[in-house]
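Please keep the sequence and the three-dimensional view at hand while reading.

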Protein chains: 2
Amino acid sequence: MTTAHGIVETPAFMPVGTQGAVKGVTHRDLESLGAEILLSNTYHLYLRPGDELIARRGGLHRFICWSKPILTDSGGYQVFSLAERRKITEEGARFQSHLDGSSHLLTPEKAAEIQANLGSDIAMVFDECLAHPADAVSARASMERTLRWAKRGRDRFQQIRDRAAESRIPNPGQAQFGIVQGSVFPDLRAESADRTVEIGFEAYAIGGLSVGEPSDVMYDMVGQTTPRLPAALPRYLMGAGTPQDLVEAVARGVDMFDCVLPTRNARNGQLFTSQGRINIKNAKYAEDDGPADPACQCYTCRHYSRAYLRHLFATGEINAATLNTLHNLHFYLDTLRRIRESLTFGRFENFRQLFHESSSRHPQDS
Amino acid sequence: MTTAHGIVETPAFMPVGTQGAVKGVTHRDLESLGAEILLSNTYHLYLRPGDELIARRGGLHRFICWSKPILTDSGGYQVFSLAERRKITEEGARFQSHLDGSSHLLTPEKAAEIQANLGSDIAMVFDECLAHPADAVSARASMERTLRWAKRGRDRFQQIRDRAAESRIPNPGQAQFGIVQGSVFPDLRAESADRTVEIGFEAYAIGGLSVGEPSDVMYDMVGQTTPRLPAALPRYLMGAGTPQDLVEAVARGVDMFDCVLPTRNARNGQLFTSQGRINIKNAKYAEDDGPADPACQCYTCRHYSRAYLRHLFATGEINAATLNTLHNLHFYLDTLRRIRESLTFGRFENFRQLFHESSSRHPQDS
């Protein structure tokens, strides 16, 4: 995948840098882990420090000093998560800031404008994120609204692009991805995919999954959607998921992922390993001199024992977050690297089988 | 200075890794900053994870994966800071853990035993840390007790060393430093120095300063004490101080320092720079695209703007602690490097003058 800030090998995993930083690890760590693209959250950056301030700094890349590609979400997902602090109308989503209660209106047009100010390489169109479970009637209504919003968001994006020269936005090469919705209804997913492609975006994402539905339902929805998206363009499954989810989604044609699991779980002491998940806070690791994952080559596993990692976590040291995050991101990025390699050599099915066997062979920490 | 884990160039600054980790920065960061020796806190490690657990791991170096020298304090300072949760008798200090309220007794002998289990390269003898201000009578009583404790601590240390082969302690090459007390009374300081040297340690530290007395009083006490300590052995000023304090103490013959200022203040948003201190949280930095310190070559200053650092601090990102700590430790370690260079080339007085002029030229952030 080629972006205004360089090439990304796919399938790719995007570490989440919510507020312009991946919690606990510096950019040089991310680069040495092989991260080629970051995700940042429009909602958070819009509120603090503000998209206009970032535009005055020359855009998000210059502000956070990250020269590789960045994808920004539309802000929609965060706003919809605000529950009773937001109200959805046809115009958009009115919400109260989680920081100071101030009132804001996020519309398809506004989401495009904010992301133009941020200057990300990939902007996401503003969509409605329906909660799971949803009945077929509200799922259809939401899908229809998402399509109307997609058209409005795309129009505004194109206006901005047409006037890029005068308006001096930070990244005139920004692309915009459309988002397929439709809850867990195959016919709605199919219709949403076809009509989103009809509007026309640089590429397409699958939204509204990994929101609490069973894994096999998610895999099924992905498998039914990807064939309707242009084969030559990257397909992005938003917000997924576990390492197993990633492997299964790749098997169904997905090229891009983002997820807070590796970073958030690291801060909670949960480590992803080749033998499944471990909870480093467990007392059984207090005198365990082995690495978190014997098969892992990350900085954490090459240097530190489970005993030390448990001590850092138990004593609330910042370095627990850093070392655990380094490991979990390495595990995710390395899994994607191995997936790419297996695809190159036509051995993906073999990789997929071995991966699932290895992760389920050992008892998992609760 | 030569230790069981290698050579340390002096004068040296020791970053503080209270619980076996310098908060916010990994060991590889510390090594790339040029840190040659770490300080760890006996009190904290004794309580969590326990010195015996660390001994079973092969000692502190192996447990935390740091192959260079480590100095451990005696635990006394932390215990004395517990205020009403501790009681001092001739035997030692009985205290309640700040973690679970459990009762413990720290004696000169016990402090030597714990540090033998930790296997640090330099163990500190257990002393009484008198609060400032103190009257001459209690200062003398405390100094006398510290001398009695010093003898007991030294005896226990030597017993352990004599039996090192059988007891399999992690670091048979451990050294023990004596500590000069005497509050702000020159005659007590002189007597304490002479009688501590009489007991005989591998080297000597100046304790009980940097506890709230005015800078010139501290400089005066240091200046009166160092000439009474053996010139061939390192002299360690405990717990000091500001960059200015370090320069002034070196001028008076001090070789070793430790202080939480660079790391703790970093986490509070205060940065030490060649132009004095700045508080990165100040609103005036919100759109400041310059580095924290234009004269600085650290990772933080080479990559990130004050505007970004302020954003990270304002949003409570972990990376604020990491990037600020990297900068402050670089400033301290680089100051010591420049001091050593100026001493080598006989230009220390010139350096000292320019250093003070540069730090006081600009208005400081409140």
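Which residue does A12(B) stand opposite in β13(B)? The residue opposite A12(B) is M256(B). The model is predicted, so local features need pLDDT of at least 70 and side-chain atom pairs count only at pLDDT 80 or more, whereas totals for chains, interfaces and linings use all residues. Residues are numbered from 1 along each chain as its sequence is written, chains are lettered from A and ligands numbered from 1 in the order in which they are written, and side-chain values use heavy atoms, with hydrogens and water left out.

**The two copies**

- The same surface serves both copies, as 100% of the contact residues of chain A recur in chain B; contact means heavy atoms within 4.5 Å.

**The parallel sheet of chain B**

- Eight strands of chain B form an open sheet with parallel pairing, in the order β3-β13-β12-β11-β10-β9-β5-β4.
- Strands (E, at least two residues) and helices (H or I, at least four residues) are DSSP runs, numbered from the N terminus, and two strands pair if DSSP finds at least two bridges between them.
- At the edges stand β3 (12–14) and β4 (38–40) of chain B, each with a single partner strand, so one side of each has no neighbour in the sheet.
- Neighbouring strands are turned against each other by 25 degrees on average, direction ignored.
- The parallel strands β3(B) and β13(B), the latter spanning residues 256–258, are joined by three bridges.

**The hairpin of chain B**

- Strands β7 (residues 93–96) and β8(B) of chain B pair in the antiparallel sense over four bridges.
- Six residues lie between β7(B) and β8(B) in this hairpin, and G101(B) in the turn has a positive phi of about 75 degrees.
- R94(B) has L105(B) in β8(B) as its bridge partner.
- In a regular strand, side chains alternate between the two faces of the sheet.
- Strand β8 of chain B (residues 103–106) has H104(B) and L106(B) on a covered face, and S103(B) and L105(B) on an uncovered one.
- H104(B) is buried, with a relative accessible area of 15%; buried means under 20% relative accessible area, exposed over 50%, and partly exposed in between, with a 1.4 Å probe and protein chains only.
- The C-alpha atoms of H104(B) and R94(B) are separated by 5.7 Å, although these residues are ten residues apart along the chain.
- Leaving aside neighbours within four places in sequence, H104(B) is in contact with residues including Y46(B), L47(B) and F95(B).

**Helices of chain A**

- The axes of α15 (residues 318–344) and α16 (residues 348–361) of chain A come within 8 Å and cross at roughly 145 degrees; axes are lines fitted to C-alpha atoms, for helices over the stretch in contact, and angles run from 0 to 180 degrees between N-to-C directions.
- From α15(A), F331(A), T335(A), R338(A), I339(A), S342(A) and L343(A) meet F348(A), F351(A) and F355(A) of α16(A).
- Helix α11 of chain A (residues 243–251) is largely enclosed by the rest of the structure, because seven of its nine residues are buried.
- Among the buried residues of α11(A) are P243(A), L246(A) and V250(A).

- A cis peptide bond, with omega about -5 degrees, joins T10(A) and P11(A), and P11(A) is in the loop between β2 (6–7) and β3 (12–14) of chain A.
- Another cis bond runs from R48(A) to P49(A), with omega near 5 degrees.
- A83(A), a residue other than glycine, has a positive phi near 55 degrees and is partly exposed, with a relative accessible area of 39%.
- R168(B), also other than glycine, has a positive phi near 50 degrees and counts as exposed at 73% relative accessibility.
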